[in-house]
Amino acid sequence: MKVIIAEKPSVGREIARVFGANTKREGYIEGKGYTFTWAFGHLLQLAAPQEYGYYGWSVQNLPMLPPKFKLSIRKVRTKEGLVDDPGVKKQLDIIKALFDEATEIIVATDAGREGELIFRYIYYYLKCKKPFKRLWISSQTDAAIKDGFRNLKPGSDYDTLFNSAHCRSQSDWLVGMNATQALSLASGNKGVLSLGRVQTPTLAMICARYLENRDFKPETYFQVAIFPDKDGQSFKAIADKNFKTREEAQAVFDGVGPTGNIASVEAKPRKEPPPLLHDLSSIQQEANKKKGFTADQTLGILQNLYEGKLVTYPRTGSRYIGDDVFAQVPGLIAGLTEHSDFGKQATVLADAKLSKRSVNAKKVTDHHAILPTGEKPWQLSPDQQAIYDLVAGRMLEAFHGDCIKEITKITITSGHKFIASGTVIRTAGWRAVFNDPEDDKKDEDNAALPKVTQGEDLPIKEKTILEKQTKPKALYNEATLLKALETAGKEIEDEELREAMKAGGLGTPATRAAIIETLLTRNYILREKKNLVPTPTGLAVYQVVKDRRIAQAELTGSWEKRLEEIRSGASVNEFQEEIKAYTREITQELLRSGKAVVLQPA
DNA sequence: GCAAGGTC
């Protein structure tokens, strides 16, 4: 008997279906001489410190450097404290029984570092010795699955991938557990002050932005605006530069005559391509902006829709689909023609040539972008409907045509040079789907400008001096923080360039919501309206760690570089020794400097 | 009491 093990039930069932196996058992499916089973993500984790004999929280134990790491069953929190997750225990027993019967194992966990780790931890925990082969596919269409099974790889081809995954896991444990205990103990052991490779740089980003915002000194500046009139339609034009003093502005203001002369009119079309399909992070940002949902709420609702088979796998980091999935898109679009909000756009799109901007098999990583499955939604709650609509609506947008705008710039002379700019949408294209007002519109912009010709003189009906202030960068909210985490704090507006930077991001799509929740649970940050702001505790922790590597996104970057080298065969030992050395160093530093964190009474 | 990673 051959046993196929997937990372999660949905994939296990999908593969079984392709094989035509349909005898459903508890925790697995049988048929055609195969058995299909699955994990639920990580079933095993590195054991807690006490399992190596480090009892309690004590300076004497630090740094904790277990000579050999142990694995333990994933835990859940109950009234009695942490206990083995019963569902996980049960599935692990099922897997053990199947592995015992197996002649061969086929590893079908996700094609990536963590997928490899999920299987290997199970295999080694169960002390299994059966031979295994690896299925390596990046899309779960029938063709991709069949093709993958014709090209199974020797399991040992992925030994170095496992090594890199295991190193990632151990390094996070060593640095996180030790730094957390060191800081907590140094500050008087009055509560948990957690630190980690991902959570601490995230906290640092929130604190740095908060302080920058708080200490920002606004500067006053002046603008001069005139309102020329063309056949009863007046529009706003602004002096071509801003002024530091009211006197300078006043001089320009006084120089404005009764009429203005049209010096030039420029009108040029600008194409705005459709947005890419959603990955988890982008839909979390969108749901936060449009509906005020937290990242965690959006993930929960998506998981729900996914379990109801209404949307594809949500924890994806890719905004692309392959050609095989693209072949199903016309059918999915046709299925939306009855939708109450954008059925009309689905109908329009059904006869149109589809944009292929989101189609690129090379940019599909473990999972493709989020799509509706084509199943008809039924009795959705308002929140579920809202998220479903973001998925379905984005699909329509992504395959729609460009939005074509006309950008008009009119230069008017009246003592000084004034500029009026206006944007008019000529062809809505993808923007017709939601028909939302644009969020990045500048207030200098006129919606529409009257037709004027060069050389014309227009009466100026009104003129004014505007007193304005420079503004600090906005505090982070969940949407802007998620976006910043994707590029580790570097602000990159261009959507495609940001895609290319993803390898250098902080955390993964599946974990970012949890990171934000951890910072909230630790009372490091709180939600103030939609903003995320640090608490006094968060700021105190930040002050202690801000110049240390643990607070910098570059720590992840430098680890990732080494992990990639390990994947291609470099020494594991050397990296592990470096991590141990760093663990000793950060532990000592925190024990010394952590006293500075004085916890505020709650 | 603690990390980050995955998922029901």
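Helices (H or I, at least four residues) and strands (E, at least two) are DSSP runs, numbered from the N terminus. Keep that in mind for the element names.

Ground rules next. This is a predicted model, where local features need pLDDT of at least 70, side-chain atom pairs count only at pLDDT 80 or more, and totals for chains, interfaces and linings use all residues. Residues are numbered from 1 along each chain as its sequence is written, chains are lettered from A and ligands numbered from 1 in the order in which they are written, and side-chain values use heavy atoms, with hydrogens and water left out.

Let's take the DNA side. A residue is near a strand if one of its heavy atoms lies within 4 Å of it. Around DNA strand B there are 42 residues, and His42, Pro49, Arg74, Tyr313 and Thr508 come nearest. Which elements each supply at least two residues of that surface? They are β5 (44-46), α5 (159-186), α9 (295-307) and α16 (509-521). Helix α5 gives the most, with 8 residues.

By class, the surface near DNA strand B has 13 nonpolar, 17 polar and 12 charged residues. The classes work like this: Ala, Val, Leu, Ile, Met, Phe, Trp, Tyr, Cys and Pro are nonpolar, Asp, Glu, Lys and Arg are charged, and the others, Gly among them, are polar.

The side chain of lysine 8 puts an N or O atom 2.9 Å from a phosphate oxygen of DNA strand B. Asparagine 189 goes to a base: one of its polar side-chain atoms lies 2.7 Å from a base nitrogen of DNA strand B.

On to the domains, with bounds from an automatic or database domain assignment. Chain A is divided into domain 1 (2-151), domain 2 (165-215 + 474-596), domain 3 (220-273 + 403-469) and domain 4 (280-398). Look at domains 3 and 4. Their C-alpha centres lie 38 Å apart. The contact (heavy atoms within 4.5 Å) takes 7 residues from domain 3 and 11 residues from domain 4.

How much area is buried between domain 3 and domain 4? About 750 Å², with carbon and sulfur atoms giving 64%. Buried area here is the accessible area (1.4 Å probe) that two parts lose on being put together, summed over both. In domain 3, Trp430, Val433 and Phe434 lose the most area to domain 4, together 68% of what that side buries.

Salt bridges now: a side-chain nitrogen of Lys or Arg within 4 Å of a carboxyl oxygen of Asp or Glu. The count between domain 3 and domain 4 is 1. Lysine 290 and aspartate 436 form a salt bridge, with the closest N and O atoms 3.0 Å apart. The side of domain 3 that touches domain 4 has 5 nonpolar, no polar and 2 charged residues.

The whole structure has 41 salt bridges. Glutamate 114 and arginine 168 make one, at 2.9 Å, N to O. Glutamate 114 lies in helix α3 (residues 113-125) and arginine 168 in helix α5, so the pair ties together parts that are 54 residues apart in sequence.

Last, two backbone points. Most residues other than glycine have a negative phi, and most peptide bonds are trans. Leucine 62 and proline 63 are joined by a cis peptide bond, with omega about -10°. Lysine 127 has a positive phi, near 55°.

Definitions and conventions:
Polar contact = N/O pair within 3.5 Å; in protein donor to acceptor, adjacent residues only side chain to side chain.
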